[in-house]
Amino acid sequence: MENKKEKLLSQFKQICRKSGLKVTPQRTIIYEELINSKDHPSVDILYKKVKDRLPDVSFDTVYRTLMTFYELGLASVVEGISSSRRYEGNTENHYHFICTKCSSIYDIEEVDFNYSIPELIVKNYKPKGVRIIFEGICKKCI
């Protein structure tokens, strides 16, 4: 697991540099907290985690940094049934399961992601990716 995090951090640094962004301690800590979070945090939740490590960080900095990560392909947005956007650092294609009772979001990585973008969409649009979300009741809530 630690090897995967090291690989993600290395990719993060490369992408930042290629995009002309400095690899600052703030960006690095925000990214580390994002990839260490398995709960698909909202900006509020991520801000609280980052604030523990960077007491002077502002909410706006965390928000803008997440938007930058999303634009660079370093983060994904997981739209759920809750009102706030949720983010994750795992940008590889995988399924999500969202509990309609407790709003938890689970990564389903044990099953190969098997979906291709239909030709009609590829021909007429510029798709960025595919998200498949399953909804229902999780094991904790059953």
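## About the model

Residues are numbered from 1 along each chain as its sequence is written, and side-chain values use heavy atoms, with hydrogens and water left out. Because the model is predicted, local features need pLDDT of at least 70 and side-chain atom pairs count only at pLDDT 80 or more, while totals for chains, interfaces and linings use all residues.

## Salt bridges

Let us start with the charged side chains. The structure holds 4 salt bridges (a side-chain nitrogen of Lys or Arg within 4 Å of a carboxyl oxygen of Asp or Glu). One of them joins Arg 53 to Glu 32, with the closest N and O atoms 2.7 Å apart. Arg 53 belongs to helix 3 (residues 43–53) and Glu 32 to helix 2 (residues 25–36), so this pair ties together parts that are 21 residues apart in sequence. Helices here are DSSP runs (H or I, at least four residues), numbered from the N terminus.

Arg 53 also meets Glu 33 in a salt bridge, at 3.0 Å from N to O. This contact again runs between helix 3 and helix 2, so it ties together parts 20 residues apart in sequence. Arg 53 counts as partly exposed at 39% relative accessibility, whereas Glu 33 counts as buried at 14%. Buried means under 20% relative accessible area, exposed over 50%, and partly exposed in between (1.4 Å probe, protein chains only).

Another salt bridge brings Arg 64 and Asp 60 together at 2.7 Å, N to O. Both sit in helix 4 (residues 59–72), 4 residues apart, and are separated by about one helical turn. Arg 64 is partly exposed at 46%, and Asp 60 is partly exposed at 40%. Through shared partners, salt bridges join Glu 32, Glu 33 and Arg 53 into one network.

## Aromatic pairs

Now for the rings: a search of the whole structure finds 6 aromatic pairs. Rings of Phe, Tyr and Trp (its six-membered ring) pair if their centres lie within 6.5 Å; planes over 60 degrees apart count as edge-to-face, under 30 as stacked and the rest as tilted. Phe 12 and Phe 69 have ring centres 5.6 Å apart and planes at 85 degrees, so they are edge-to-face. Phe 12 lies in helix 1 (residues 2–18) and Phe 69 in helix 4, 57 residues apart in sequence.

Tyr 31 and Phe 69 are also edge-to-face, with centres 5.6 Å apart and planes at 90 degrees. Tyr 31 is in helix 2, and this pair links parts of the chain 38 residues apart. Tyr 31 is buried at 2% relative accessibility, and Phe 69 is buried at 0%. Ring pairs link Phe 12, Tyr 31 and Phe 69 into a cluster.

Notes: Helix = DSSP H or I, 4+ residues; strand = E, 2+ residues; numbered from the N terminus.
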